[in-house]
Amino acid sequence: MNYDLHCHSTCSDGTLSPEQLVTHAAECGVDVMALTDHDSTAGVQAARAAAQGKPIGILAGVEISVTWAGRTIHIVGLGVDTEAPGLQQGLAGIRETRADRAIRMGEKLEKKGVESATERAHALATGGLVARTHYARLLIEDGLASDVGDAIRKYLKPGKAGYVAGQWAALEDAVGWIVEAGGQAVIAHPARYNLTATKLRALIADFKRFGGRGIEVVSGSHSAQDAANMAVVARRSELHASRGSDYHGPENPWVEM
Ligand code: AMP
Ligand code: MN
Ligand code: MN
Ligand code: MN
């Protein structure tokens with residue numbers, strides 16, 4: 001079975017609609033795809049409908065933004081009941097704080113000369129959820145960055161002109177919402193946080209205590225060496241190993257489903 005358990009649609013910061021994403025995944029030979037938009041399950045129903053009659057199964061998923069020990073960590077939820085009230089209330093709370101943050105990020109970039117940044121980012125975010133990715137795309141449009149990663153490094157990470165910290169969920173809450181919704185919680189792209197071995201162990205200990213079950217080993221944000229390291233971590237910590245592209249659309253041709 002070819003699983004892709006992490007990807008994004010226009011319901012968060014992907015550039016393909018849920019329908020286009022499912023079609024693309026099926027063309028790539030994905031047998032089971034989890035749609036894991038940031039802080040939203042809004043695309044799951046459309047993905048399921050699009051999968052009808054195609055040789056692909058859809059898992060309801062989400063990627064929740066969390067603050068743990070002063071850092072942003074992403075927790076993927078797989079196989080969640082999208083109707084679970086605790087999960088939906090929690091996600092709605094995060095989206096509310098995203099809305100304020102989006103305006104503040106836009107103001108900061110406008111001060112740096114990016115014209116109508118707030119308005120343009122909201123126009124790009126057709127699903128209504130604004131992420132740094134949308135601002136990154138504006139910066140590319142204006143010739144200020146070559147790709148999303150470059151825009152984030154230059155303008156949108158801590159210490160840079162357009163950065164505004166998110167008000168994310170607590171790890172315990174995010175894992176709790178996923179577990180209550182009948183899903184499995186998975187630590188997303190663990191190698192991306194630049195944690196020391198000690199910090200990663202502490203994260204995993206907290207995560208497991210709260211009911212977390214898995215960790216991404218194979219990820220579009222991991223190198224082959226990262227994946228080998230995280231396979232060792234997964235075994236040692238007795239966590240399930242997950243696999244997902246973190247695909248956001250064809251803008252980054254080096255990431256494929
Ligand atoms: P936000 O949740 O609004 O802080 O936006 C975070 C999103 O920005 C991530 O989900 C990625 O899609 C994107 N992102 C962050 N860092 C990078 C990077 N170094 N390269 C490419 N995309 C990134
Ligand atoms: Mn993203
Ligand atoms: Mn992520
Ligand atoms: Mn992601």
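Student: Before we start, what counts as buried here?
Tutor: Buried means under 20% relative accessible area. Keep in mind that this is a predicted model.

Student: Fine. Is H189 buried or exposed, then?
Tutor: H189 has a relative accessible area of 1%, so it is buried.

Student: Which protein donors hold the manganese ion (ligand 3)?
Tutor: H189 is one of them, through NE2. E63 (OE) and H74 (ND1) are the others, and the donors lie 2.1 to 2.2 Å from the ion.

Student: How are those donors spaced along the chain?
Tutor: The pattern is E-x10-H-x114-H. E63 sits in strand β3 (residues 57-68), while H189 is in the loop between β6 (184-187) and α8 (197-209). The pair therefore ties together parts that are 126 residues apart in sequence.

Student: And E63, buried or exposed?
Tutor: Buried, at 1% relative accessibility.

Student: What are the protein donors of the manganese ion (ligand 4)?
Tutor: H6 (NE2), H8 (NE2), E63 (OE) and D246 (OD). They lie 2.1 to 2.2 Å from the ion.

Student: What's the sequence spacing for ligand 4?
Tutor: H-x1-H-x54-E-x182-D. As for accessibility, H6 is buried at 0%, and H8 is buried at 0% too.

Student: Where does the manganese ion (ligand 2) come in?
Tutor: Ligand 2 is 4.6 Å from the manganese ion (ligand 4). From the manganese ion (ligand 3), the separation is 5.6 Å.

Student: Back to β3. How many of its residues are buried?
Tutor: 9 of the 12, so β3 is largely enclosed by the rest of the structure.

Student: Which strands pair with it?
Tutor: Start with β2 (residues 32-35), which runs parallel to β3 and is joined to it by 4 bridges. There, V32 stands opposite G57. Next, β4 (residues 71-78) pairs with β3 in the antiparallel sense over 8 bridges. Then β5 (residues 169-170) pairs in the parallel sense over 2 bridges, with A170 opposite T67.

Student: How many residues sit between β3 and β4?
Tutor: 2, and the two strands form a hairpin. In the turn, A69 has a positive phi of about 50°.

Student: New topic, the nonpolar core. Which residues touch the most other members?
Tutor: I64 and I75, in the largest core, which has 43 residues.

Student: What is I75 in contact with?
Tutor: Leaving aside neighbours within four places in sequence, its contacts include E63, I64, L171, V175, I187 and F207. Another core of 18 residues lies apart from this one, with L109, Y135, A136 and A151 among them.

Student: Now helix α2. Which residues are buried there?
Tutor: In α2 (residues 44-51), V44, A47, A50 and A51 are buried. Seen down the axis, the buried residues fall within an arc of 125°, so they line one face of the helix.

Student: What does that face pack against?
Tutor: The buried residues of α2 pack against α1 (18-27), β2 and β3.

Student: Which exposed residues are on the face turned away?
Tutor: Q45 and A49.

Note on methods. Residues numbered from 1 in each chain as written. Chains lettered and ligands numbered in written order. Predicted model: local features only at pLDDT ≥ 70, side-chain atom pairs only at ≥ 80, totals over all residues. Heavy atoms only, no water. Donors = N, O, S within 2.8 Å, 3.2 Å for Na, K, Ca; no water. Buried < 20%, exposed > 50% of the residue type's maximum accessible area, 1.4 Å probe, protein only. Pairing = 2+ DSSP bridges. Core = buried A, V, L, I, M, F, W, Y, C linked by side-chain atoms within 4.5 Å. Contact = heavy atoms within 4.5 Å. Arc of directions from axis to C-beta.
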